[in-house]
Amino acid sequence: MRPAPAAPAVRRLAELVADLRDELVAIRRDLHAHPELARTEERTTRVVAERLRAAGLTPELLPGSGLVCDIGPSHAVSGRGRVGLRADLDALPVLDECGLPWASGHRGVAHACGHDVHTTAVLGAGLALAELAAAGELTTGVRLVFQPAEEVQPGGSLDVIRAGGIDGVATIFAVHCDPKLDVGQVGTRIGPITSASDEVTVTFTGPGGHTSRPHLTGDLVFAMAQVVTQVPAILGRRLDPRSGVNLTWGAIQAGTAHNVIPGTGHVRGTLRCLDVRAWEKASQVFHDAVEQVVAPFGVEVEIRHQRGVPPVENDERATGVLEAAARDVLGEHAVTLTEQSLGGEDFAWYLTRVPGAMARLGTRTPGGRTYDIHQGDLVVDERAVEAGALLLARAALVAGARG
């Protein structure tokens, strides 16, 4: 990472975060060693709350797990409201295979998506901003949002919203680890950066029969095969192809014998979409397509469409704030255009209420291996913690100054 430029305000912020560097890495390792699944993040919440209290702040615990914490004045310079900085606390049901001394102590649970980095980056940003507030140098009201349950549908951000956790927030920012980017780089994009992500299940029932007499029964397996192959193609013709609709099956289950047409079966998959308007139409189109495809085959279907999260649609102004902040604290060449992802991210729900933006935070050691998230062997370059804290703290200041 490049050293911070010499502008006094930026240099002051960089010094504050640098003073926290070793402590933040230690906290990140502690969280990594003690991961907790969605809506069970009690220890994680406690660790964050205790450090904020030690800094003289007053965190407010949310129902169940998670917290919010206000810093500085009750509004930004413009009077529009606070600047929100969001982190997600939960880990994944994945075996930790990183092989490091701070690997998960909870077998089958791991921070394989980098939420430990997100949490520590927002904590570091908050602690640095609290120092500015104590010195009378913070004119921007900031709210830290540490939310539970990002990894489950439809997401813990809705818990935060229902609890009033972003009331009074005018704009909100977040980062997400990207092991394809070098540490010190930040990926941004205006508009959709992630996809809507829904879970779909189709359950098939029929009379069953012998494979030698398919004409006397409902050929359930053949009907399932038609749904699996035809419905994705139908969605591509019934919805705008520019919307990035993608239906992919992850499980197909039916039968136990080679010569028996089973009476039940089901297919499960994900329906993803980059455009929120197409996402709103997709459920009905999906239902109609499944029913039309199976109609000739004498079987019945029950369709379950679990709505997940909308796309994260980065606001143009907020994206500009993140880019300006990244250049200020990480260097002129820190910003890169990130690709759109078909992954889901419940930060999207906040953006249905207030404008904001999410940036990809580089976690790859330059010249090192490219890992993937949601894999147990994920290793991040821990300099990303400092980079994330600097980026988010500076973004809060830039957003407040711009009003």
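Which residue forms a salt bridge with D159, and how far apart are the closest N and O atoms? The partner is R162, with the closest N and O atoms 2.8 Å apart, where a salt bridge is a side-chain nitrogen of Lys or Arg within 4 Å of a carboxyl oxygen of Asp or Glu. Because D159 and R162 are three residues apart in helix α4 (residues 157-162), about one helical turn separates them. The structure holds 22 salt bridges.

The model is predicted, so local features need pLDDT of at least 70 and side-chain atom pairs count only at pLDDT 80 or more, whereas totals for chains, interfaces and linings use all residues. Residues are numbered from 1 along each chain as its sequence is written, and side-chain values use heavy atoms, with hydrogens and water left out. Helices (H or I, at least four residues) and strands (E, at least two) are DSSP runs, numbered from the N terminus.

**The four-stranded sheet**

Four strands form an open sheet in the order β10-β12-β8-β13, with antiparallel pairing; two strands pair if DSSP finds at least two bridges between them. The edges are held by β10 and β13 (300-309), each with a single partner strand, so one side of each has no neighbour in the sheet. From one strand to the next the twist averages 15 degrees. Strand β8 (residues 196-205) is joined to β12 (residues 264-273) by 10 bridges, and T203 has H266 of β12 as its bridge partner. Strand β10 (residues 246-254) pairs with β12 over eight bridges in the antiparallel sense; here L247 stands opposite L271, and Q253 stands opposite H266.

Helix α5 packs on this sheet, touching β8, β10 and β12, and its direction makes about 175 degrees with that of β10. Contact means heavy atoms within 4.5 Å, while axes are lines fitted to C-alpha atoms, for helices over the stretch in contact, and angles run from 0 to 180 degrees between N-to-C directions. Helix α6 lies across β8, β10, β12 and β13, running at about 165 degrees to β13.

**The eight-stranded sheet**

An open sheet of eight strands, with mixed pairing, has the order β1-β2-β4-β3-β5-β16-β6-β15. Its edge strands are β1 (60-61) and β15 (335-337), each pairing on one side only. Two bridges join the antiparallel strands β6 (residues 186-188) and β16 (residues 356-364), and G187 stands opposite R360 in β16. Helix α7 packs on the sheet, touching β5 (169-182), β6, β15 and β16, with its direction at about 35 degrees to that of β16. Helix α2 (residues 42-54) lies across β1, β2 (67-71) and β4 (142-147), running at about 15 degrees to β2.

**Helix pairs**

| Helices | Axis separation | Angle |
|---|---|---|
| α5 (residues 220-238) and α6 (residues 276-294) | within 9 Å | roughly 135 degrees |
| α7 (residues 316-330) and α9 (residues 383-402) | 8 Å | about 125 degrees |

Helices α5 and α6 are therefore oblique to each other, given that angles under 35 degrees count as roughly parallel, over 145 as roughly antiparallel, 65 to 115 as roughly perpendicular and the rest as oblique. α5 passes α6 in a right-handed crossing, a crossing being right-handed if the near helix is turned clockwise from the far one by less than a right angle, and left-handed if anticlockwise. Residues making the contact include V231, I234 and L235 of α5 and F286, A289 and V290 of α6.

The crossing of α7 and α9 is right-handed. Among the residues making the contact are V321, L322 and V329 of α7 and L390, L391 and V398 of α9.
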